[in-house]
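Please keep the sequence and the structure in view while reading.

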Amino acid sequence: MSVRKSMILALAMMPLWLFAQQESGGPYVFNRSPLYAAADVQLPLGSIKAKGWLLKQLELQKDGATGNAEALYPESGNLGADSDWLGGAGESWERAPYYVKGLVALAYTLGDPGLKVKSEKWINWTLDQQRPDGSFGPLKMKDWWPRMPMMYAIQSYYEATGDKRVIGFFSRYFKYQLDNLDKKPLSEWSKSRTADNIEIVLWLYNRTGERSLLELAEKLKSQAYPWTDIFTGNQFYHYGDDFHTKHSVSVGQALKFPAIYSQLNNTPFYRNATQKGIDHLMRDHGQSTGIASGTEFLAGRSSFQGTETCTVVEWMQSLETAARIIHDARLGDRLEKIAFNTLPAQFSRDIKSHLYYTQPNQVYCKHGNSGFDEDYDGALLLSPYSGMGCCRYNMHMGWPYFVKNSWVATPDKGLAVIAYAPVEVDAFVAEGIPVKLQVMTNYPFEEEIRIRVLLEKSTSFPLKLRIPEWCRNPQVSINGKALPGVKTGQIYTINRSWNTDNLVVINFPMDVKLSNQVNNSVTVERGPIVYGLKMDAQYSIAKKHPVDGFFDYEVSPSSAWNYGLVLSGKDRSGTFKVQHSAMPENPFIQASTPVRITVTAKKIPSWTSAYNKMHALEVPRSPVASSAQTEEITLTPFGSENIRISNFPVIGLPGIAGKTFKENFNHATLRDWLLYGGSWFIKNGAIHAASNKGSWGYGIHGSKAIAANTFFEDLSYEATVQLNSKGDAGLLFRVTDHVIGAEAYNGYYLGLNAESGQIQLGKSSNQKWVVLATAQQKLEIGKAYQIRIEAKAAEIKVYFNKGVKPIFSVTDAEFGNGSIGVRAYDALASIDNLLVKALK
């Protein structure tokens, strides 16, 4: 059959909805005035089909967690037939809307009849049971928030089917919302996640032109958290007891807020805020896979802090949305890094179980408490019931949304790529000319991406390609001819006349590189993939569930994991060897993953499991000495197993003890502080212990911030300490083996307590608090006091408010060296003017 006949047949088989979307006289509905005209738009759901390894992930979802969700969670308060989102007596709140949002996207991306029937049951009830005043959803539910994910589901369903009920449904609801927001303003979850609502309001405005929708968008914005200010000014912990501005899911979901609102107010303040927020989050809370920690609070850069599955999929959707509007290549780069690493790491290999929290250094998946701020005893258990219920419903959108947002239509009648993967795109370009793009690739496991352009007739249109920042020598060619001017970190536009069967070949050479992590550790990266230690994982079934094939698994290593890398060469990457093998059906299975990296390493015997045996101790400060034998270890993609080490110490001669450490916090950031339990933030020239309201993990007691890369033996350590509540706060010194938990460290602590009027010196030894000395002192809440510690060999002296005589002196030789830091036990406190000097 000729190419022309094949193309005509393929176009004839295009779904009817592709031709039914011409609501504004063209194939796609772009922003109408006064909205930002250059924003791209989503292609209708179903116009992008996954291929290759990406299709396999969707099929695993269908046969696994998504396809069996209603059987796994059949209760009336979850997804059962008596759910209130089906008119029943249950109280599902956000759970059913979360699930249906992902279910609709998966059903119509796969074109699966069974999944469509499941999704339409929920959609039809919601559309048909709208009340006369325009409100919708369960009658008892008065919360604005759960309607927001359901609106996404209905929007996707409309774009897949063209169901004429939807436009009127949204119009009536938004009129109801405009009439009632002043009487019942946004609060809590709806106040933090308002961007979801505004996005659908603007989507409807572009279809109807109803000006009251712009008024509604502004009202929603006025009642939301000031996310643009928060992202721009790093204000996540500036809201006291408020949970949402520091809740990792709400923060990730809100990352799209400035970009969405910039369509109404296209100023640099709004256009730049998403990236500024990402920069702050990654600097203070960043993890090796390009996402901020969240357990569930933003939790710093520790190698064993985790990220919640809800956070992962919400970051992905925010990046997909922002990239469509802002056109910054960095957004797509980060999207790919999260999608290709963090997302698959959250799931079992068959996508039947998930982890509530996934860690950069994860050596166990098991039942038990880790001390996280929100400390579910099943948060590290690989299970369809892991942790809090939200993730088992929200996670379904991860891969389907990635597919449906991977390509977009542009206002200049072309197409642009947001993220690369094997897909097939059916779209319209130029003056409504149908086009099919066959994106043929095993990326990110291979460097080459081939895009075949199939057209019924020749036509001109722009094709916009994202060139990653990580690629040093990108190349693009058409029909074998190299194109000029391809630069890293840009959106590269090819504007030409296209003929059918034109072939675009993109090559992104992938170098092995090292990125810096906590305590001078390193992460190994190649292209968008992060690599972790290949461990022998031992799976044991902890529970068998009634739904066939679903289990709770505990996973533990049956081989060594405590390795440091032996690096050589000027760029420290000379010892890495990349090994390729055949591309499997599922590249996220460690035994058959197509890319591996070998490197020399040594075991570090002192690096062991933490006290609670739930995770590893913090990665040791590099360089680390080791007399162990040099070995060759294998690294595999981060997402190819549920346990791994990705923050590696580096073997070498340890640094000598420090001479001086000085910090007044006028220009400091949290990048060089390790947070354990609760959190700390820097504001107005001091470091502050944050409110832990809403937390219940044992780690919130004795919240610690350790100055990374500090190491002192004999020292003088002074600072000003101000207590802002009851409880105690003060200084840590000679600290080692620090993890989450009140006494989960070895070392000394000097604390002030205004309520008891005590200054107390003690030590944590073998997880027990030992009091060494106490002095009574009149102390006031809200007043700053200067304290100074002199520790020389076994003698420790403590001075108060510049006194020339110590208030007490003790002799204790248990701990001779370590890091310095600050600590608060059930207290709000501010600490400033740290000065540490080595004593001769």
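How are α8 and α11 oriented to each other? In this predicted model, where local features need pLDDT of at least 70, side-chain atom pairs count only at pLDDT 80 or more, and totals for chains, interfaces and linings use all residues, the answer starts from the two axes. Residues are numbered from 1 along each chain as its sequence is written, and side-chain values use heavy atoms, with hydrogens and water left out.

Helix α8 (residues 165-180) packs against helix α11 (residues 212-223) at an angle of about 50°, with the axes 10 Å apart. Helices are DSSP runs of H or I with at least four residues, and strands are runs of E with at least two; axes are lines fitted to C-alpha atoms, for helices over the stretch in contact, and angles run from 0 to 180 degrees between N-to-C directions. The helices α8 and α11 are therefore oblique to each other, since angles under 35 degrees count as roughly parallel, over 145 as roughly antiparallel, 65 to 115 as roughly perpendicular and the rest as oblique.

The strands form open sheets, in which two strands pair if DSSP finds at least two bridges between them.

| Strand order | Pairing |
|---|---|
| β1-β6-β7-β11-β14, five strands | mixed |
| β2-β8-β9-β10-β15-β12-β13, seven strands | antiparallel |
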